[in-house]
Each structure stands twice: as structure tokens, then as C-alpha cells.
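Reader: I would like to go through the assignments in this model and see what each label rests on. Please set the values against the criteria.

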Amino acid sequence: MKGLLLASALLSLIGGHALAADAISAEPTTVHDWSGVYVGGQIGYGFGKTDAVFSSPNTPTFQASQDYDIDGFLGGVQVGYNYQINSLVLGVEADIAGSDIKGHSGEINVGVRGDTYDTKVDWFGTLRARAGYAFDSTLIYGTGGLAYGSVENRYLGGPLNSFSEKGTKTGWTLGAGLEQAFTDHWSANVEYLYVDLRDQTIDYGGSNTEFDNKFSTVKIGMNYKF
């Protein structure tokens, strides 16, 4: 009889532990919430190829072009807002970065001279929409929108025959990124953007050169969500 009572007590104890374990396992797991305002910083690298096309209205059959590489480092800040609906994350982000993206062409033969070209992007920024899918604390997203920046292009035909055009250009950008949250507030991301700041033309009296201001960027950053 005592053995039966002891066995019943042990079964009750084991059953109680099992029910408690089931109750614990039935509790929902914590899912990261991407909604909210965030600010952060970024560093990265920009690279591309500028196409400079020389033409003259006086001699429409003559045209010369020169492709040359541009590249350099960049760094800046960003601010944005995300709104999460289940696993769908929608948002908007604005950023601005100083840059050392620049390049210099080899000589291009125009007439009897060997001319060269320069391109430099001093700074640029974007205002973009973002849409992504969250795997808990991992977010994969696409992004696109407005791009703007300060670009200087120069035509170097000699000490007495040099022209430049510098100004703030506007265009568009498109890209994608991956963001990983480490805590409720801190996350890190890597992002690729293609930036097109439109063409810029230097007119030097009877002739001109048109530059296409396009480049790509790869950035890593940190964000703090409030």
C-alpha cells in the first residue's frame, strides 16, 4: 500500500513538471520590433566610370569620347522611420555623406592637343523609400528614390584653356540592403546603392563636353532605434 501511494505521488510530481514544461514552451517567442524612428552613421566606398563626350556644333561629324574610372571613400549620417506589419517592414530614410569620389582621364586627342578631364563628387545625399521582409531580427530590403549632390567636372586643355562646371545635381538612386538587430535599439547594416546624378555639360564656345555622373556605393552603418 505504501508503495502504491509512493508511486502515485511520483506520477503526480512527474505529471506536474510535464504540464509546467508544456506551459513554458507554449509561450510565444520574442520577435524583434522594427517600428520606430532611428538615427545612425555610415562609412563606405564609391566607384564608377564617367563617360565624357566631346562634340562641336561647327563640325557635327566629329565626336570624341573618353571613359575613366572614379572612386573614393565616403562617410555620413542617416535618419529614418520604419513601420512593421507582421513580417513586412515599410519605411523612409534620408542620408547625407561627404565623399572623396573622384577620377582623372587619360589624354583624349581633340584637334592637335592632348586634353584630359576630371570629375569629383564632394558630397551627396538621398531621400528614399524602403520596403523589406523581416526574419525576426534580420531585415532584407529594397530601396529607391531621390538623389542629389555636388559634382565638379573639368576640361583641361592646357593652362590657358581650362573650363569647369560645378553645381548641385539631382537624380535618382536604387539599391538593396541587409540589416541585423543586436538589441531592441541597436542594429548594423550593409547597403548597395546605384546613384545617377544626371548629365552635366561644359560649354566653351563652339564646343562642349557632356559628362554622365553615375556611380555605385557600398556602405556599412550602425543605427539606433528610439
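Reader: What makes the contact of Arg-128 and Glu-93 a salt bridge?

Author: The model is a predicted one. In it, the side chains of Arg-128 and Glu-93 approach to 2.7 Å, N to O. The cut-off is 4 Å between a side-chain nitrogen of Lys or Arg and a carboxyl oxygen of Asp or Glu, so the pair Arg-128 and Glu-93 counts as a salt bridge.

Reader: Which parts of the chain does the pair of Arg-128 and Glu-93 link?

Author: Arg-128 belongs to strand 5 (residues 113–135) and Glu-93 to strand 3 (residues 88–104). The two are 35 residues apart, and the pair links distant parts of the chain.

Reader: Why is Arg-128 called buried, and why is Glu-93?

Author: Buried means under 20% relative accessible area. Arg-128 has 1%, so Arg-128 counts as buried. Glu-93 has 5%, so Glu-93 counts as buried too.

Reader: Which residues are linked with Arg-128 and Glu-93 in a network of salt bridges?

Author: The network also takes in Asp-95, Arg-130, Glu-179, Glu-191 and Lys-219. A search of the whole structure gives 13 salt bridges.

Reader: What makes Asp-100 and Lys-102 a salt bridge, and are the partners buried or partly exposed?

Author: The closest N and O atoms of Asp-100 and Lys-102 are 3.7 Å apart, and the limit is 4 Å, so the pair qualifies. Asp-100 has a relative accessible area of 36%, which means that Asp-100 is partly exposed, between the 20% and 50% limits. Lys-102, at 41%, is partly exposed for that reason as well.

Reader: Turning to the aromatic rings, why is the pair of Tyr-45 and Phe-47 called stacked?

Author: The structure holds 11 aromatic pairs. For Tyr-45 and Phe-47 the centres are 6.2 Å apart and the planes are at 25 degrees. Centres within 6.5 Å make a pair and planes under 30 degrees apart count as stacked, so this pair is stacked. Tyr-45 is partly exposed at 32% relative accessible area, and Phe-47 is partly exposed at 34%.

Reader: What makes the pair of Tyr-45 and Phe-73 edge-to-face?

Author: The ring centres of Tyr-45 and Phe-73 are 5.4 Å apart and the planes are at 65 degrees. The angle is over 60 degrees, so the pair is edge-to-face. Tyr-45 is in strand 1 (residues 36–55) and Phe-73 in strand 2 (residues 63–85), so the pair ties together parts 28 residues apart in sequence. Phe-73 has a relative accessible area of 60%, which is over 50%, so Phe-73 is exposed.

Reader: Which residues form one aromatic cluster?

Author: Tyr-117, Tyr-155, Phe-163 and Phe-211 do.

Reader: Why is Phe-226 called exposed, and where is its place in the chain?

Author: Phe-226 has 58% relative accessibility against a limit of 50%, so Phe-226 is exposed. Phe-226 lies in the segment after strand 9 (208–225). Phe-226 is also one of the residues of a nonpolar surface patch of about 1000 Å².

Reader: Which elements give two or more residues to the nonpolar patch?

Author: Strand 1, strand 2 and strand 3 do. Strand 2 supplies the largest share, 4 residues.

Reader: What is the make-up of the chain as a whole, and what share of its residues is buried?

Author: The chain has 1 helix and 9 strands. Of the 226 residues, 39% are buried. The chain exposes about 12200 Å², of which carbon and sulfur atoms supply 63%.

Definitions and conventions
Residues numbered from 1 in each chain as written. Predicted model: local features only at pLDDT ≥ 70, side-chain atom pairs only at ≥ 80, totals over all residues. Heavy atoms only, no water. Buried < 20%, exposed > 50% of the residue type's maximum accessible area, 1.4 Å probe, protein only. Phe/Tyr/Trp six-rings, centres within 6.5 Å; stacked < 30°, edge-to-face > 60°. Areas by Shrake-Rupley, 256 points an atom, 1.4 Å probe, with all protein chains shown as cover. Patch = residues over 30% accessible without salt bridge, like charges linked within 9 Å, V, L, I, M, F, W, Y side chains within 5 Å.
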